[in-house]
Every structure is written in C-alpha cells, then in structure tokens.
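User: Hi! Could you walk me through a helix contact and a pocket in this one?
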Amino acid sequence: MPDISYSPLYLSLKVAGISTIVVFISGLFIAYWFSRRQFFGKSILEALFLLPLVLPPTVVGFGLLLLFGKNGLIGKFLLEAFQFQIVFTWVGAVIASAVVSFPLMYQAAHAAFQNMNRRYEQAAIMLGASTWRVFWTVTFPLCWPGLLAGLVLSFARALGEFGATLMLAGNIPGKTETLPIAIYFAVEGGRMEIAAFWVAIIVAIGFSTILWLNWWSKHTLNRHTQFKD
C-alpha cells in the first residue's frame, strides 16, 4: 500500500458539501421564482444558468478566473476591500464546483415546481395561508423527490469537478488538491497505485450515491402508489 495523504479526500468532501449547500439553496429559490414568473429576458437568463452544462470546464474556469482573479471585477474588489484572494484557495474550488453543478439543481427543481399540481397551493391560499407558509408546508414537501434528486446529482457533480477547479484554485497539495486533481497529477507523475486508489474511492462514492438515489426513488414511488390505492 503506497504512502497516501488523505487531504484530497477530506478537501473534496468539504468542497462538494459546501458547494452543494450553496447550490441547493440558490437553485431552490431561483427555480421556484422562475417557475412562477414570466418576464422579458427570462429565456436568456435560463440559458446563462444552464451554460456550464455545455461548455468545457476549462472555459468555465477561464471565465471565473476573469471574474475572481486579482484584476477581475469581483476579485479586485475583494482584494482591495477585504484583502481576500479567491484564486488558489479552497474557496475558489467551492465557487468552481458550485457553478458547474448549479445547472443540475436548477433543472431538477424547475421541473419539480413546473410539474406539481398547483391546485394544492391554491387551496392553501384560499384557506388563508401566506405564500411563505404555502411554500414550506405544501410546495416543498410535494416537490421534495425532485429536489432531492437535484441535490444528490449536484453533490456528485461537485465531487467530480476538475477543469474549472484547476483553472481557478490550482493544484496546491493540502490546500486546493481535490480528488480529481490528485488523480490527474498522480497519473502524470507515474504514481499509478495512488491514482488507482483515488479512482476506487471516488467511483465508490459516486456509485453509492446514485444507487441510494435509485433505491429511494423506487421506495417513494411504491409508497405513493400504495397510498393512492
């Protein structure tokens, strides 16, 4: 067994976990708002949300570098106002993972909100419930299976993010070296045993995540079918 530092595993779980929380909260409310509103430019904004799905990760990373770099619009402001740098930090890895995984959460949440039967919401409003209460007691529980699918897929995507993370956060062992980056540089350096070990870890996590999601979806569907019967 080769001598392995487990910092890439810890960092990947940390980055994926934080980015998933950010993506879940933002994707949830943005998708809900977009599913209930029609306005000029909506299609353009949705296209921007989904753009990371079709762009190479390195292109996404280059765009983030232009925004958060030392001379970037946001990066320059943060550096001058707070002496805080995002490039080459684990925060940069979180931002990169969040950007590339956001489309999955948004799509799942938007589909869930669009496909739900809105008569339940209307009935709750007629009974005097506020919009906020209707969302948490009616809309959210009814859409939870779709929202959970988006949450799990976003986590899996964030865990496997490579290109954008490498562009924005770089490869600093112990600081920004996530699992995909560790695998790449292990192969590049001829350390195939280490690369194989990390590959086995990330495949196991991804497979277990998808397997659990499939089991949960079937279990929930069967329970709903029995309830209807």
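Analyst: Happy to! In α3's passage by α5, the crossing is right-handed, meaning the near helix is turned clockwise from the far one by less than a right angle. This is a predicted model, where local features need pLDDT of at least 70, side-chain atom pairs count only at pLDDT 80 or more, and totals for chains, interfaces and linings use all residues. Residues are numbered from 1 along each chain as its sequence is written, and side-chain values use heavy atoms, leaving out hydrogens and water.

User: At what angle do the axes of α3 and α5 cross?
Analyst: Roughly 130°, with the axes of α3 (residues 57-68) and α5 (residues 90-115) coming within 11 Å. The two helices are therefore oblique to each other.

User: Which residues in α3 and α5 meet?
Analyst: V60, L64 and F68 from α3 meet I95, A96, V99 and V100 from α5; contact here means heavy atoms within 4.5 Å. By class, that contact has seven nonpolar residues, with no polar and no charged ones.

User: Switching topic: how much space lies in the second largest pocket?
Analyst: About 240 Å³.

User: Nice. Which element gives the most to the lining?
Analyst: That would be α3, with four residues. By class, the lining of the second largest pocket has eleven nonpolar, two polar and no charged residues.

Note on methods. Axes are lines fitted to C-alpha atoms, for helices over the stretch in contact, and angles run from 0 to 180 degrees between N-to-C directions. Angles under 35 degrees count as roughly parallel, over 145 as roughly antiparallel, 65 to 115 as roughly perpendicular and the rest as oblique. Ala, Val, Leu, Ile, Met, Phe, Trp, Tyr, Cys and Pro count as nonpolar, Asp, Glu, Lys and Arg as charged, and the others, Gly among them, as polar. On a 1 Å grid over the protein atoms alone, a cavity is a set of points where a 1.4 Å probe fits but cannot get out, and a pocket is an open set with protein on both sides within 12 Å along at least five of seven lines; lining residues have an atom within 4 Å of a point. Grid points are joined across faces, edges and corners, and a volume is the space filled by probe spheres set on the points.
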